[in-house]
Amino acid sequence: MPVTVLLVDDEPLVRMGLRAVLEGQPDIRVVGEAADGAAVIPLVRQLRPDVVAMDVRMPLMDGIEATRAVLRTVAEPPKILVVTTFESDEYVYEALRAGANGFLLKRARAAEIVHAVRLVAEGDSLLFPASVRQLAAEHGDRGGNAAAQDTLRRAGLTERESEVLRLMARGMSNAEIAARLVVGTETVKSHAGAVLAKLGARNRTQAVITAYESGFVAPG
């Protein structure tokens with residue numbers, strides 16, 4: 001089955017460019033478009049896309065609020081890939097904190113766009129871990145976020161779960177973590193799922209941001 005994508009951006013040329021790149025792939029299909037975040041929820045419910053490529057800055061409802069709205073109201077929400085002009089944009093970091101799975105620069109090459117959509121759809125690896133680390137260093141609380149510290153403390157992660165979280169923060173996939181720890185991939189999936197559940201995180205990105213903001217992992 002192809003990965004289905006909904007494009008959300010107030011610039012028609014951006015949507016056109018993304019559609020051209022993605023529809024050139026046999027395993028990806030663009031199922032719809034929207035010009036503002038306010039239109040996302042009804043389209044997600046109607047089209048059931050696997051991934052929403054969401055502009056972070058839009059006139060009526062920006063990508064942060066649209067991300068929160070989708071994750072709050074849709075029973076089985078899609079993966080959300082934030083599309084942005086500026087890599088260090090605080091809006092991008094807030095969208096990731098809200099539950100977006102990753103972000104993509106509008107100037108990205110075609111191969112990077114396709115890779116991002118596929119990786120986010122799979123959900124077993126962190127997209128552009130170095131960039132997420134940089135965002136955490138610039139816009140996070142540098143290990144001083146009391147709420148994140150409390151979340152981590154309450155989670156009560158086991159030693160192995162803590163190790164998995166550290167490796168997730170380095171951007172390792174489940175297969176790479178399994179090779180590092182000399183365990184099976186299914187075992188890693190189980191540990192990763194437990195980490196997300198205990199932290200109340202929707203995805204790996206949100207869990208890693210909690211790890212950075214609590215000081216559990218240094219973003220630098």
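**Close-up views of a predicted model**

**View 1. Salt bridge between lysine 106 and glutamate 11.** Lysine 106 pairs with glutamate 11 in a salt bridge, with the closest N and O atoms 3.7 Å apart; the term requires a side-chain nitrogen of Lys or Arg within 4 Å of a carboxyl oxygen of Asp or Glu. Lysine 106 is in the loop between strand S5 (102–105) and helix H5 (110–122), and glutamate 11 is in the loop between strand S1 (3–8) and helix H1 (12–22), so the pair ties together parts 95 residues apart in sequence. Helices (H or I, at least four residues) and strands (E, at least two) are DSSP runs, numbered from the N terminus. By this rule, the count is 16 salt bridges. The model is predicted: local features need pLDDT of at least 70, and side-chain atom pairs count only at pLDDT 80 or more, whereas totals for chains, interfaces and linings use all residues. Residues are numbered from 1 along each chain as its sequence is written, and side-chain values use heavy atoms, without hydrogens and water.

**View 2. Arginine 57 over the face of tyrosine 91.** Arginine 57 lies 4.0 Å from the ring centre of tyrosine 91 (a charge sits over a ring if NZ of Lys or CZ of Arg is within 6 Å of the ring centre and within 35 degrees of the ring normal).

**View 3. Packing of helix H8 against helix H10.** Helix H8 (residues 159–169) and helix H10 (residues 185–199) pack at about 90°, with axes 9 Å apart (axes are lines fitted to C-alpha atoms, for helices over the stretch in contact, and angles run from 0 to 180 degrees between N-to-C directions). H8 and H10 are therefore roughly perpendicular (65 to 115 degrees).

Terms used:
Parallel < 35°, antiparallel > 145°, perpendicular 65-115°, else oblique.
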